[in-house]
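Colleague: I have a model open and would like to learn how to read its features. Could you take me through them?

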Amino acid sequence: MGSFNDYMDLKKQKEGDQNSNQKFLLDTGRISNIFKGVSIYITGFTNPPSSVLKEIVLRNGGSVTMFFSKTHVTHIIASNLPDFKVKLWKNDMIVTPAVMATLR
């Protein structure tokens, strides 16, 4: 039986494959490369929904990850964060969903 690290590695590989497939499908509808080199983590309830935010990011050249990693994530999208996450991520770029919605 595999370890938890093996399990997470497989999940991350699957996520990467899904993002590659989505980027390929969205390339024909690419709007810009404003998010080139940007990796975004979406957390909690958002308005617009995370699926819309993900499409905005991908259509503008960025990537979206389902797992937070200090070494991989460049920006966090969140509406409300509990105090402990604000303290944990105080040095990270936190953006509200409303800012992203202007790029539709």
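Colleague: In which sense do E1 and E3 pair, and over how many bridges?

Modeller: In general, strands of a sheet pair through backbone hydrogen bonds, and the pairing is either parallel or antiparallel. This is a predicted model. In it, E1 and E3 are joined by three bridges and run in the parallel sense.

Colleague: Take Ser39 next. Where is it found, and is Ser39 buried or exposed?

Modeller: Ser39 belongs to strand E1, which spans residues 39-42. Its relative accessibility is 5%, so Ser39 counts as buried. Leaving aside residues up to four places away in sequence, Ser39 touches Ser63, Thr65, His72, Val73, Thr74 and His75.

Colleague: Which residues of helix H2 are buried?

Modeller: Helix H2 covers residues 50-59, and its buried residues are Leu53, Ile56, Val57 and Leu58. After H2 comes Gly61, which has a positive phi, near 90 degrees.

Colleague: Now the rings. How many aromatic pairs are there?

Modeller: A pair of aromatic rings is described by two quantities, the distance of the centres and the angle of the planes. The count here is three aromatic pairs. In the pair formed by Phe68 and Trp89, the centres are 4.9 Å apart and the planes are at 40 degrees, which makes the pair tilted.

Colleague: Which parts does the pair of Phe68 and Trp89 tie together?

Modeller: Phe68 sits in the loop between strand E2 (63-65) and strand E3 (75-77), while Trp89 sits in the loop between helix H3 (83-88) and strand E4 (93-95), so the pair ties together parts that are 21 residues apart in sequence.

Colleague: How accessible is each of the two residues, Phe68 and Trp89?

Modeller: Phe68 has a relative accessible area of 27% and is partly exposed. Trp89, with 3% relative accessibility, counts as buried. The cut-off used for that call is 20% relative accessible area: buried means under it.

Colleague: Which residues do the ring pairs link into a cluster?

Modeller: The cluster consists of Tyr41, Phe68 and Trp89, linked by ring pairs.

Methods: Residues are numbered from 1 along each chain as its sequence is written. This is a predicted model: local features need pLDDT of at least 70, side-chain atom pairs count only at pLDDT 80 or more; totals for chains, interfaces and linings use all residues. Side-chain values use heavy atoms; hydrogens and water are left out. Rings of Phe, Tyr and Trp (its six-membered ring) pair if their centres lie within 6.5 Å; planes under 30 degrees apart count as stacked, over 60 as edge-to-face and the rest as tilted. Helices (H or I, at least four residues) and strands (E, at least two) are DSSP runs, numbered from the N terminus. Buried means under 20% relative accessible area, exposed over 50%, partly exposed in between (1.4 Å probe, protein chains only). Contact means heavy atoms within 4.5 Å. Two strands pair if DSSP finds at least two bridges between them.
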